[in-house]
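These are my notes from going through one structure, entry by entry. I looked up ring contacts, charge pairs and pockets.

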Amino acid sequence: DQQLNALKQQWIKALGSSVINQAINDSVLKRLKDIEHKTLGVRYHRNNYLQHEQNLIKRFTTDHNPPTGVEMEDSDPLLIYEVEGFLYQTKSCLDMLAQLLRVVGYQSVGDSFGEHGERIIKQLENPPRHCTEQAKIIVKLITDAQSAWVDEAVNLRDSIAHQGMMAGFNYFIQQPYVGGGTADIRYPTMPNGERVSIY
């Protein structure tokens with residue numbers, strides 16, 4: 001929130017400057033507002049997921065009767081809805097980055113981040129002299145994140161958009177109860193096996 005606000009304030013101060021075109025200023029401010037909207041969306045879906053997961057965990061630990069003799073998956077549509085919303089908003093943030101770069105002169109970047117961000121990286125490798133350092137920072141942010149999460153998030157979002165619900169998503173899975181003081185219930189996981197709340 002503070003970084004976004006600082007960026008907006010910098011551009012507001014620059015309004016009327018002879019070196020910055022008024023139309024570019026207006027476009028940048030609009031894109032920054034769009035990015036703010038999308039980042040709030042990311043946080044909204046993340047927080048909703050975490051809250052709903054905690055509610056379900058509380059339900060499992062309070063007077064819950066586990067299944068006997070059979071494994072059971074407790075599929076709750078709200079869980080996957082919030083994860084999918086999170087992925088959509090994350091991909092939208094990346095697309096907004098591409099659109100912001102277009103506004104400040106990188107016309108061939110396109111309107112979307114693309115699959116890996118390679119198109120953006122290629123453009124940023126030959127930046128105007130006055131923004132060489134900033135371009136390097138953005139390239140490093142993208143390349144560092146590519147294998148860690150960008151490719152995965154984009155691919156998951158695309159598969160959701162074209163194929164329906166996310167394949168390989170696991171809800172709370174309850175193991176057959178065999179007696180004793182505890183029943184084994186696995187937390188929801190992403191297709192790669194990572195617990196959703198950690199992802």
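Which residue lies over the face of phenylalanine 60, and at what distance from the ring centre? I looked it up and found arginine 59, at 5.1 Å from the centre of that ring. I note here that the model is predicted.

**Entry: rings**

Phe60 belongs to one aromatic cluster together with Phe172 and Tyr187. Tyrosine 187 also has a charge over its face: arginine 195 lies there, 3.5 Å from the ring centre.

I then asked how many aromatic pairs the structure holds. The count is three. For phenylalanine 169 and tyrosine 171 I noted the geometry: the ring centres are 5.0 Å apart and the planes stand at 80°, so this pair is edge-to-face. The cut-off that decides this is a plane angle over 60 degrees. I checked accessibility for both partners. Phenylalanine 169 has a relative accessible area of 7% and is buried; tyrosine 171 is buried as well, at 9%.

**Entry: lysine 91**

I located lysine 91 in helix H3, which runs over residues 77-103. Is lysine 91 buried or exposed? Its relative accessibility is 9%, so lysine 91 counts as buried, the limit for that class being under 20%.

I looked for a charged partner and found aspartate 95, which forms a salt bridge with lysine 91; the closest N and O atoms are 3.0 Å apart. Both residues sit in helix H3, four residues apart, or about one turn of the helix. Aspartate 95 is buried too, with a relative accessible area of 15%.

I also listed what lysine 91 touches once neighbours within four places in sequence are left aside. The contacts are Gly114, Val154 and Arg157.

**Entry: other salt bridges**

I took the total first: there are eight salt bridges. From lysine 91 I went on to its contact Arg157. Arginine 157 forms a salt bridge with aspartate 158, with the closest N and O atoms 3.1 Å apart. Arginine 157 is partly exposed at 22% relative accessibility, and aspartate 158 is partly exposed at 25%. I noted one network as well, in which salt bridges that share partners join Lys30, Arg31 and Asp34.

Next I looked up aspartate 144. Its salt bridge is with lysine 140, and the closest N and O atoms are 2.6 Å apart. Aspartate 144 is partly exposed, with a relative accessible area of 46%.

**Entry: largest pocket**

I recorded a volume of about 1500 Å³ for the largest pocket. Its lining holds 33 residues, and those closest to the centre are Leu7, Ile35, Leu97, Leu100 and Ile138.

Which helices each supply at least two residues of this lining? I found helix H1 (2-14), helix H2 (22-60), H3 and H5. H5 gives the largest share of the lining, nine residues.

Methods:
Residues are numbered from 1 along each chain as its sequence is written. This is a predicted model: local features need pLDDT of at least 70, side-chain atom pairs count only at pLDDT 80 or more; totals for chains, interfaces and linings use all residues. Side-chain values use heavy atoms; hydrogens and water are left out. Buried means under 20% relative accessible area, exposed over 50%, partly exposed in between (1.4 Å probe, protein chains only). Contact means heavy atoms within 4.5 Å. Rings of Phe, Tyr and Trp (its six-membered ring) pair if their centres lie within 6.5 Å; planes under 30 degrees apart count as stacked, over 60 as edge-to-face and the rest as tilted. A charge sits over a ring if NZ of Lys or CZ of Arg is within 6 Å of the ring centre and within 35 degrees of the ring normal. A salt bridge is a side-chain nitrogen of Lys or Arg within 4 Å of a carboxyl oxygen of Asp or Glu. On a 1 Å grid over the protein atoms alone, a cavity is a set of points where a 1.4 Å probe fits but cannot get out, and a pocket is an open set with protein on both sides within 12 Å along at least five of seven lines; lining residues have an atom within 4 Å of a point. Grid points are joined across faces, edges and corners, and a volume is the space filled by probe spheres set on the points.
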